[in-house]
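Hello,

Here is the structure you were going to look at, with some notes on what was found in it. Please read them next to the model.

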Amino acid sequence: MSNTPMAANPLTRAVLEIDEYASGLGWDQPARLFALVDTARLRTEEPALAAQLGLQDEPETSGLTPIEQDEVPADRPLDEFLATIAWPDAVAGCALTVERLMLPPSAEAQVPQGLDETKLTQWVAGHPERQEVRMTVAVLRDGSRDSALRLREKDSATEVLTGSGLVPGLAEALAATFED
């Protein structure tokens with residue numbers, strides 16, 4: 001049985017399930033991409049895969065099942081990689097979990113002008129107020145979105161923040177993978 005907190009929305013449940021999975025792998029992990037498929041459809045159309053995923057005994061008749069995809073290339077910018085993704089019709093949505101360093105809004109005024117991306121990354125990494133965060137963002141074909149944020153310093157399932165607008169840029173990039 002999962003330790004994922006119950007959520008009313010299937011998309012929120014999927015986001016929290018992926019967050020729990022990523023948490024079990026520990027920190028300093030590469031980005032991970034997931035297809036989200038309708039669980040009932042998966043059981044009907046792919047019973048062998050559903051059994052392999054342990055879904056045949058699940059009491060839930062609705063919901064989303066995350067299926068991890070091949071490794072996200074670490075040597076390529078994430079936005080460029082996402083621009084190459086196209087999903088088959090059977091995929092209802094997708095999710096990505098990625099770790100980043102973040103600064104509080106109060107630190108924005110301190111950012112030195114004229115830094116290239118490499119120097120900015122170094123500056124953020126050395127800032128005393130930086131926070132390591134794992135972001136799990138999911139979108140559905142219908143435009144629904146949800147996300148979970150977990151701070152490394154508060155690494156507990158009860159401290160995970162959820163909401164549809166927490167990481168809008170990443171949600172937009174994921175939503176674009178469903179555009180024709």
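A residue counts as buried here when its relative accessible area is under 20%. Asp-19, at 2% relative accessibility, is therefore buried. Bear in mind that this is a predicted model.

Asp-19 belongs to helix H1, which covers residues 10-25. Leaving aside residues up to four places away in sequence, Asp-19 is in contact with Arg-134, Thr-136, Ala-148, Arg-150 and Val-160.

Two of those contacts, Arg-134 and Arg-150, also face each other across a strand pair: Arg-150 in E5 is the bridge partner of Arg-134. The strands concerned are E4 (residues 131-140) and E5, paired in the antiparallel sense over 7 bridges. E4 and E5 make a hairpin with 4 residues between them, and Gly-143 in the turn has a positive phi of about 100°.

Leu-36 is opposite Pro-66 in E2. How many of the 5 residues of strand E2 (residues 64-68) are buried? The count is 4, so E2 too is largely enclosed by the rest of the structure.

Regards

Technical notes
Residues are numbered from 1 along each chain as its sequence is written. This is a predicted model: local features need pLDDT of at least 70, side-chain atom pairs count only at pLDDT 80 or more; totals for chains, interfaces and linings use all residues. Side-chain values use heavy atoms; hydrogens and water are left out. Helices (H or I, at least four residues) and strands (E, at least two) are DSSP runs, numbered from the N terminus. Buried means under 20% relative accessible area, exposed over 50%, partly exposed in between (1.4 Å probe, protein chains only). Contact means heavy atoms within 4.5 Å. Two strands pair if DSSP finds at least two bridges between them.
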